[in-house]
Amino acid sequence: MIARMMPFGWRKYARATLPAIATLLVMLALWAYGRWGYRDALPLTPDAAEGPPIAMILGWLMALFVLAPTFLVLWIAAAPPLLFPLPRISLAYVLLADTGGLLLLLFLAPRPHAFPLAAVGALYLLLAAWLGLWASLAACLRRCGAAWSAVLPLLLASLCMAAPIVAMPLIRAAPASGVWSRQNLIPLATHACPMLAALDALQSPRLPIPPDWGTLPLMYRYSGLGQSIPAPLPHWWLSAVLYAAPALLLGACSRSHRPSPLVPESPDTPASLPAEPNEPMPQLNP
(Lines give C-alpha, C1' and ligand atoms only; values in the text may rest on other atoms or scores of the structure.)
Protein backbone atom coordinates (compact mmCIF):
# COMPACT_ATOMS: atom_id res chain seq x y z
CA MET A 1 0.00 0.00 0.00
CA ILE A 2 2.77 2.44 0.92
CA ALA A 3 4.69 1.54 -2.21
CA ARG A 4 1.64 2.26 -4.37
CA MET A 5 1.27 5.72 -2.83
CA MET A 6 4.83 6.66 -3.78
CA PRO A 7 5.64 8.40 -7.04
CA PHE A 8 6.54 5.97 -9.78
CA GLY A 9 10.22 7.01 -9.78
CA TRP A 10 10.51 6.03 -6.10
CA ARG A 11 8.07 3.11 -6.14
CA LYS A 12 10.10 1.03 -8.57
CA TYR A 13 13.07 1.09 -6.13
CA ALA A 14 11.07 0.67 -2.91
CA ARG A 15 11.43 -3.11 -2.80
CA ALA A 16 15.22 -2.78 -2.79
CA THR A 17 15.01 -1.88 0.91
CA LEU A 18 13.63 -5.31 1.86
CA PRO A 19 17.01 -7.10 2.34
CA ALA A 20 18.30 -4.30 4.57
CA ILE A 21 15.09 -4.13 6.63
CA ALA A 22 14.96 -7.92 7.08
CA THR A 23 18.61 -8.08 8.13
CA LEU A 24 18.22 -5.16 10.53
CA LEU A 25 15.19 -6.64 12.30
CA VAL A 26 16.63 -10.16 12.58
CA MET A 27 20.03 -9.00 13.81
CA LEU A 28 18.47 -6.69 16.41
CA ALA A 29 16.32 -9.57 17.65
CA LEU A 30 19.31 -11.93 17.80
CA TRP A 31 21.40 -9.37 19.66
CA ALA A 32 18.65 -8.80 22.24
CA TYR A 33 18.08 -12.55 22.64
CA GLY A 34 21.79 -13.28 23.08
CA ARG A 35 22.49 -10.21 25.21
CA TRP A 36 19.81 -10.80 27.82
CA GLY A 37 18.64 -14.37 27.26
CA TYR A 38 22.01 -16.14 27.34
CA ARG A 39 24.09 -13.76 29.42
CA ASP A 40 24.29 -16.15 32.37
CA ALA A 41 24.90 -19.24 30.23
CA LEU A 42 27.94 -18.00 28.30
CA PRO A 43 31.34 -16.96 29.67
CA LEU A 44 32.02 -13.27 30.10
CA THR A 45 35.16 -11.57 28.93
CA PRO A 46 37.85 -11.61 31.64
CA ASP A 47 38.61 -7.89 31.37
CA ALA A 48 35.16 -6.43 30.77
CA ALA A 49 32.53 -7.98 32.99
CA GLU A 50 29.98 -5.39 31.89
CA GLY A 51 30.31 -6.31 28.24
CA PRO A 52 28.43 -9.02 26.36
CA PRO A 53 29.86 -12.54 26.27
CA ILE A 54 32.52 -13.15 23.64
CA ALA A 55 30.68 -16.26 22.44
CA MET A 56 27.56 -14.16 21.83
CA ILE A 57 29.51 -11.56 19.86
CA LEU A 58 31.11 -14.20 17.65
CA GLY A 59 27.82 -16.01 17.13
CA TRP A 60 26.07 -12.74 16.24
CA LEU A 61 28.80 -11.89 13.73
CA MET A 62 28.49 -15.31 12.17
CA ALA A 63 24.73 -14.83 11.86
CA LEU A 64 25.31 -11.46 10.17
CA PHE A 65 27.71 -12.95 7.62
CA VAL A 66 25.22 -15.76 6.91
CA LEU A 67 21.87 -13.97 6.92
CA ALA A 68 22.80 -10.76 5.09
CA PRO A 69 23.89 -12.46 1.83
CA THR A 70 21.01 -14.94 2.15
CA PHE A 71 18.39 -12.19 2.22
CA LEU A 72 20.09 -10.33 -0.62
CA VAL A 73 20.48 -13.38 -2.89
CA LEU A 74 16.91 -14.53 -2.30
CA TRP A 75 15.62 -11.04 -3.07
CA ILE A 76 17.62 -10.89 -6.29
CA ALA A 77 16.45 -14.35 -7.37
CA ALA A 78 12.81 -14.24 -6.28
CA ALA A 79 11.91 -10.61 -6.97
CA PRO A 80 9.50 -10.00 -9.86
CA PRO A 81 11.23 -10.20 -13.24
CA LEU A 82 13.63 -7.30 -13.64
CA LEU A 83 14.45 -6.65 -17.27
CA PHE A 84 16.87 -3.95 -16.15
CA PRO A 85 18.04 -5.26 -12.75
CA LEU A 86 21.32 -3.46 -12.16
CA PRO A 87 20.04 -0.20 -10.56
CA ARG A 88 17.84 -1.92 -8.01
CA ILE A 89 20.36 -4.66 -7.26
CA SER A 90 23.06 -2.03 -6.71
CA LEU A 91 20.76 -0.02 -4.45
CA ALA A 92 19.85 -3.12 -2.40
CA TYR A 93 23.54 -3.99 -2.01
CA VAL A 94 24.49 -0.48 -0.87
CA LEU A 95 21.61 -0.31 1.62
CA LEU A 96 22.42 -3.73 3.05
CA ALA A 97 26.16 -3.09 3.32
CA ASP A 98 25.53 0.22 5.08
CA THR A 99 23.00 -1.43 7.39
CA GLY A 100 25.61 -4.03 8.35
CA GLY A 101 28.17 -1.28 8.97
CA LEU A 102 25.76 0.63 11.21
CA LEU A 103 25.00 -2.51 13.21
CA LEU A 104 28.71 -3.20 13.68
CA LEU A 105 29.31 0.39 14.75
CA LEU A 106 26.31 0.36 17.09
CA PHE A 107 27.16 -2.84 18.95
CA LEU A 108 30.96 -3.00 18.82
CA ALA A 109 32.28 0.55 19.01
CA PRO A 110 30.46 2.96 21.33
CA ARG A 111 31.30 1.66 24.84
CA PRO A 112 34.57 2.19 26.74
CA HIS A 113 35.47 -1.51 26.69
CA ALA A 114 34.60 -1.88 23.02
CA PHE A 115 36.62 -3.00 20.05
CA PRO A 116 38.89 -0.48 18.31
CA LEU A 117 37.27 1.54 15.58
CA ALA A 118 39.82 0.15 13.11
CA ALA A 119 38.53 -3.36 13.81
CA VAL A 120 34.95 -2.26 13.13
CA GLY A 121 36.06 -0.67 9.85
CA ALA A 122 37.90 -3.84 8.85
CA LEU A 123 34.79 -5.91 9.55
CA TYR A 124 32.70 -3.49 7.47
CA LEU A 125 35.03 -3.78 4.46
CA LEU A 126 35.08 -7.57 4.82
CA LEU A 127 31.28 -7.73 4.99
CA ALA A 128 30.89 -5.40 1.99
CA ALA A 129 33.21 -7.54 -0.13
CA TRP A 130 31.48 -10.74 1.00
CA LEU A 131 28.03 -9.34 0.11
CA GLY A 132 29.23 -8.01 -3.23
CA LEU A 133 30.55 -11.40 -4.31
CA TRP A 134 27.26 -13.28 -3.88
CA ALA A 135 25.05 -10.41 -5.03
CA SER A 136 26.97 -10.06 -8.28
CA LEU A 137 26.93 -13.83 -8.85
CA ALA A 138 23.18 -13.99 -8.25
CA ALA A 139 22.66 -11.07 -10.64
CA CYS A 140 24.70 -12.79 -13.35
CA LEU A 141 22.69 -16.00 -12.96
CA ARG A 142 19.27 -14.34 -13.20
CA ARG A 143 19.12 -15.04 -16.93
CA CYS A 144 19.46 -18.76 -16.08
CA GLY A 145 16.38 -18.72 -13.87
CA ALA A 146 15.48 -18.02 -10.26
CA ALA A 147 16.58 -21.47 -9.06
CA TRP A 148 20.16 -21.11 -10.33
CA SER A 149 20.30 -17.50 -9.15
CA ALA A 150 19.42 -18.51 -5.59
CA VAL A 151 20.80 -22.02 -5.12
CA LEU A 152 24.29 -21.72 -6.59
CA PRO A 153 25.39 -18.53 -4.72
CA LEU A 154 23.96 -19.77 -1.42
CA LEU A 155 25.58 -23.19 -1.85
CA LEU A 156 28.99 -21.69 -2.60
CA ALA A 157 28.64 -19.21 0.27
CA SER A 158 27.83 -22.08 2.65
CA LEU A 159 30.85 -24.05 1.46
CA CYS A 160 33.10 -21.03 1.99
CA MET A 161 31.68 -20.41 5.45
CA ALA A 162 32.29 -24.05 6.38
CA ALA A 163 35.60 -24.31 4.51
CA PRO A 164 37.67 -25.32 7.60
CA ILE A 165 35.36 -28.33 8.00
CA VAL A 166 34.48 -29.14 4.38
CA ALA A 167 38.10 -29.01 3.21
CA MET A 168 39.47 -31.26 5.96
CA PRO A 169 39.25 -34.58 4.02
CA LEU A 170 41.05 -32.99 1.06
CA ILE A 171 43.68 -31.40 3.31
CA ARG A 172 44.36 -34.66 5.15
CA ALA A 173 44.69 -36.56 1.86
CA ALA A 174 46.87 -33.88 0.20
CA PRO A 175 50.40 -34.84 -0.87
CA ALA A 176 53.48 -33.43 0.81
CA SER A 177 54.49 -31.35 -2.22
CA GLY A 178 53.02 -30.02 -5.41
CA VAL A 179 50.28 -27.57 -6.33
CA TRP A 180 47.66 -29.43 -4.27
CA SER A 181 49.91 -29.94 -1.27
CA ARG A 182 48.73 -29.37 2.28
CA GLN A 183 50.71 -26.14 2.71
CA ASN A 184 48.85 -24.70 -0.30
CA LEU A 185 45.36 -25.95 0.58
CA ILE A 186 45.38 -24.69 4.17
CA PRO A 187 45.69 -20.97 3.27
CA LEU A 188 43.05 -21.47 0.58
CA ALA A 189 40.59 -22.94 3.08
CA THR A 190 41.24 -20.32 5.76
CA HIS A 191 41.03 -17.33 3.40
CA ALA A 192 37.78 -18.66 1.92
CA CYS A 193 36.06 -18.49 5.32
CA PRO A 194 34.98 -14.92 6.22
CA MET A 195 34.64 -15.71 9.93
CA LEU A 196 38.31 -16.60 10.23
CA ALA A 197 39.13 -13.30 8.52
CA ALA A 198 36.78 -11.59 10.97
CA LEU A 199 38.73 -13.12 13.85
CA ASP A 200 41.89 -11.63 12.39
CA ALA A 201 40.22 -8.22 12.15
CA LEU A 202 38.99 -8.45 15.76
CA GLN A 203 42.36 -9.13 17.34
CA SER A 204 42.59 -6.63 20.18
CA PRO A 205 43.26 -6.54 23.94
CA ARG A 206 39.57 -7.25 24.49
CA LEU A 207 39.53 -10.37 22.33
CA PRO A 208 43.02 -11.89 22.19
CA ILE A 209 42.90 -14.65 19.58
CA PRO A 210 44.90 -17.67 20.78
CA PRO A 211 46.91 -19.78 18.33
CA ASP A 212 44.40 -22.62 18.75
CA TRP A 213 41.54 -20.48 17.42
CA GLY A 214 39.55 -23.63 16.65
CA THR A 215 38.76 -24.01 20.35
CA LEU A 216 36.91 -20.70 20.57
CA PRO A 217 33.22 -21.05 21.48
CA LEU A 218 30.94 -21.67 18.49
CA MET A 219 33.91 -21.46 16.08
CA TYR A 220 34.59 -24.60 14.03
CA ARG A 221 35.43 -26.55 17.16
CA TYR A 222 35.79 -29.85 15.36
CA SER A 223 37.44 -28.69 12.15
CA GLY A 224 40.96 -29.84 13.03
CA LEU A 225 42.53 -26.71 11.54
CA GLY A 226 44.33 -24.83 14.26
CA GLN A 227 44.27 -27.94 16.46
CA SER A 228 45.59 -31.17 14.96
CA ILE A 229 46.74 -29.30 11.83
CA PRO A 230 48.53 -25.97 12.38
CA ALA A 231 46.77 -23.16 10.53
CA PRO A 232 47.35 -19.45 11.17
CA LEU A 233 44.50 -17.01 10.85
CA PRO A 234 44.14 -15.46 7.38
CA HIS A 235 44.79 -11.77 6.75
CA TRP A 236 41.39 -10.06 6.69
CA TRP A 237 42.40 -7.61 3.96
CA LEU A 238 43.55 -10.43 1.69
CA SER A 239 40.25 -12.25 2.17
CA ALA A 240 38.40 -9.01 1.34
CA VAL A 241 40.43 -8.63 -1.85
CA LEU A 242 39.71 -12.25 -2.81
CA TYR A 243 35.97 -11.58 -2.41
CA ALA A 244 35.93 -8.16 -4.06
CA ALA A 245 37.93 -9.04 -7.19
CA PRO A 246 35.45 -11.59 -8.61
CA ALA A 247 32.58 -9.39 -7.43
CA LEU A 248 33.83 -6.51 -9.60
CA LEU A 249 34.38 -8.87 -12.52
CA LEU A 250 30.88 -10.35 -12.24
CA GLY A 251 29.39 -6.89 -11.81
CA ALA A 252 31.05 -5.73 -15.03
CA CYS A 253 29.72 -8.85 -16.76
CA SER A 254 26.18 -8.09 -15.56
CA ARG A 255 26.49 -4.52 -16.76
CA SER A 256 27.71 -5.58 -20.21
CA HIS A 257 24.77 -7.98 -20.65
CA ARG A 258 22.01 -5.68 -19.50
CA PRO A 259 19.29 -5.05 -22.07
CA SER A 260 18.73 -1.94 -24.09
CA PRO A 261 17.27 1.05 -22.22
CA LEU A 262 14.44 0.96 -24.74
CA VAL A 263 13.14 -2.19 -23.02
CA PRO A 264 10.70 -1.40 -20.16
CA GLU A 265 12.51 -1.50 -16.84
CA SER A 266 10.01 -3.53 -14.85
CA PRO A 267 6.51 -4.94 -14.92
CA ASP A 268 5.44 -1.87 -12.91
CA THR A 269 6.14 0.32 -15.91
CA PRO A 270 2.83 1.48 -17.41
CA ALA A 271 2.42 -0.49 -20.59
CA SER A 272 1.86 1.59 -23.64
CA LEU A 273 -1.39 0.95 -25.43
CA PRO A 274 -1.09 -0.74 -28.81
CA ALA A 275 -1.38 1.59 -31.70
CA GLU A 276 -4.66 1.33 -33.51
CA PRO A 277 -4.49 0.80 -37.26
CA ASN A 278 -5.34 3.73 -39.40
CA GLU A 279 -8.82 3.29 -40.72
CA PRO A 280 -9.48 4.42 -44.25
CA MET A 281 -11.57 7.52 -44.70
CA PRO A 282 -15.11 6.68 -45.74
CA GLN A 283 -15.83 7.33 -49.39
CA LEU A 284 -18.87 9.44 -50.13
CA ASN A 285 -20.86 8.30 -53.15
CA PRO A 286 -21.79 11.15 -55.40
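By class, the lining of the largest pocket comes out at 11 nonpolar and 5 polar residues, with no charged ones. The model behind these numbers is a predicted one. The pocket itself has a volume of about 300 Å³. Of the 16 residues that line it, those closest to the centre are Tyr-93, Gly-132, Ser-136, Ala-247 and Gly-251. As for where the lining comes from, the elements that give two or more residues to it are α5, α6 and α12 (236-256).

Two of those helices also pack against each other. Helix α5 spans residues 86-108 and helix α6 spans residues 117-140; their axes lie 9 Å apart, at an angle of about 155°. Angles over 145 degrees count as roughly antiparallel, so that is the label for α5 and α6. The crossing of this pair is right-handed. On the α5 side, the residues in contact are Ile-89, Tyr-93, Leu-96, Ala-97, Asp-98, Gly-100, Gly-101, Leu-104, Leu-105 and Leu-108. They meet Leu-117, Val-120, Leu-123, Tyr-124, Leu-127, Ala-128, Leu-131, Gly-132 and Ala-139 of α6. Sorted by class, this contact holds 15 nonpolar, 3 polar and 1 charged residues.

Helix α5 has another partner in α3, which covers residues 18-37; here the axes are 8 Å apart and the angle is about 20°. That angle makes α3 roughly parallel to α5, and the crossing is right-handed. From α3, the contact takes in Pro-19, Ala-20, Thr-23, Leu-24, Met-27, Leu-28 and Trp-31. Helix α5 answers with Ala-92, Leu-95, Leu-96, Thr-99, Leu-103 and Phe-107. The tally for α3 with α5 is 11 nonpolar and 2 polar residues, with no charged ones.

The remaining pair is α4 (residues 54-78) with α7 (residues 146-161), whose axes come within 8 Å and cross at roughly 165°. These two helices are therefore roughly antiparallel to each other, and α4 passes α7 in a right-handed crossing. Helix α4 brings Phe-65, Val-66, Pro-69, Thr-70, Val-73, Leu-74, Ile-76 and Ala-77 to the contact, while α7 brings Ala-146, Ser-149, Ala-150, Pro-153, Leu-154 and Met-161. By class, that gives 12 nonpolar and 2 polar residues, again with no charged ones.

Definitions and conventions:
Residues are numbered from 1 along each chain as its sequence is written. This is a predicted model: local features need pLDDT of at least 70, side-chain atom pairs count only at pLDDT 80 or more; totals for chains, interfaces and linings use all residues. Side-chain values use heavy atoms; hydrogens and water are left out. Axes are lines fitted to C-alpha atoms, for helices over the stretch in contact, and angles run from 0 to 180 degrees between N-to-C directions. Helices (H or I, at least four residues) and strands (E, at least two) are DSSP runs, numbered from the N terminus. Angles under 35 degrees count as roughly parallel, over 145 as roughly antiparallel, 65 to 115 as roughly perpendicular and the rest as oblique. A crossing is left-handed if the near helix is turned anticlockwise from the far one by less than a right angle, and right-handed if clockwise. Contact means heavy atoms within 4.5 Å. Ala, Val, Leu, Ile, Met, Phe, Trp, Tyr, Cys and Pro count as nonpolar, Asp, Glu, Lys and Arg as charged, and the others, Gly among them, as polar. On a 1 Å grid over the protein atoms alone, a cavity is a set of points where a 1.4 Å probe fits but cannot get out, and a pocket is an open set with protein on both sides within 12 Å along at least five of seven lines; lining residues have an atom within 4 Å of a point. Grid points are joined across faces, edges and corners, and a volume is the space filled by probe spheres set on the points.
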